[in-house]
Structure formats: C-alpha cells, structure tokens
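Please keep the sequence and the coordinates at hand while following it.

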Amino acid sequence: CWLVVLQLFSEMGLCIDASSGYEIERAMRAGVKPESISLSSQELPPNFDHYVKQGVTINACSLSQLDRFGQRFPGGKVSEEAAADSQHEASPRALA
C-alpha cells in the first residue's frame, strides 16, 4: 500500500521529506530518486553520509547537525530549517 502511494508521488514529480533513515530507505525502494528526497530529523542517522553521497539533501535542524555534516562534507551544501512563514525560506548553504 505505502509502496504504491510513494510510487504515485514520485511519478507526479513530488519530493519526499523524510524524518528518518528508514523513511529514506522506503522511498528509495519505491523508486524515488535520492535527489528528490530530503531528510529533516532531530537526530541524523549514523549512516547519513551514505544518503548524502547518493544525493539526498539534509535539512540541518541544529548546530550539532551542521557540525556533523561539516566534519564529513567540508564545503558541502546543506539546507537549514527556517520558520514556516513568508519571511523565511529554507535554502541550500555551503559549509566552509
């Protein structure tokens, strides 16, 4: 059931905002391209670098996540969580 729904979303061109490594795996098993998946989680999975290398975007939700990401991917791009109002939008940021 969930597989068919995710496949339909993918065919419609919708992106997936996963909240865990498990949800990333489910989406990829359904054929969602990693470039169409973002991870927004309070806790990054231990193997988050594997997902990033495949093309999944990480939405950094804390300074510790930015630190972990920056240690593994110096100069890499990460999205930042922002307030959900019209004045703030999440955008990719490069880490030095």
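Ser41 sits in the loop between strand E2 (37–40) and H3, with helices (H or I, at least four residues) and strands (E, at least two) taken as DSSP runs numbered from the N terminus.

Ser41 counts as buried because its relative accessibility is 10%; buried means under 20% relative accessible area, exposed over 50%, and partly exposed in between (1.4 Å probe, protein chains only). Leaving aside residues up to four places away in sequence, Ser41 touches Ser19, Cys61 and Gln65, a contact being heavy atoms within 4.5 Å.

## Confidence in the model

This is a predicted model, in which local features need pLDDT of at least 70 and side-chain atom pairs count only at pLDDT 80 or more, whereas totals for chains, interfaces and linings use all residues. Residues are numbered from 1 along each chain as its sequence is written, and side-chain values use heavy atoms, with hydrogens and water left out.

The pLDDT, which is the predictor's confidence in each residue from 0 to 100, averages 84 over the protein chain, and 82% of the residues score at least 70. Confidence is highest in helix H3 (residues 48–54), at a mean of 96, and lowest in strand E5 (residues 92–94), at 51. Over residues 82–91 the pLDDT is below 50, and this stretch has eight contacts in the model beyond near neighbours in sequence.

In helix H2 (residues 21–29), the buried residues include Gly21, Ile24 and Ala27. They lie on the same side of H2 because they cover an arc of only 120 degrees around the axis, the arc being that of the directions from the helix axis to the C-beta atoms. The buried residues of H2 pack against helix H1 (2–11), strand E1 (16–18), E2 and H3, while the face turned away from the buried side carries the exposed residues Tyr22 and Arg29. Just after H2, Gly31 takes a positive phi of about 95 degrees.

In H4, Gln65, Phe69 and Gly70 are buried. Their arc around the axis is only 130 degrees, so they fall on the same side of H4; the exposed residues Leu63 and Gln71 are carried on the face turned away from that buried side.

## Cysteines and the chain as a whole

How many disulfides does the structure hold? The structure holds zero, where a disulfide is a pair of cysteine sulfur atoms within 2.5 Å. Cys15 is exposed because its relative accessible area is 60%, whereas Cys61 counts as partly exposed at 25% relative accessibility.

The protein chain has four helices and five strands, which follow the pattern α-β-α-β-α-β-α-β-β along the sequence. Of its 96 residues, 33% count as buried, and among contacts between residues at least 6 apart in sequence, 19% join residues at least 24 apart.
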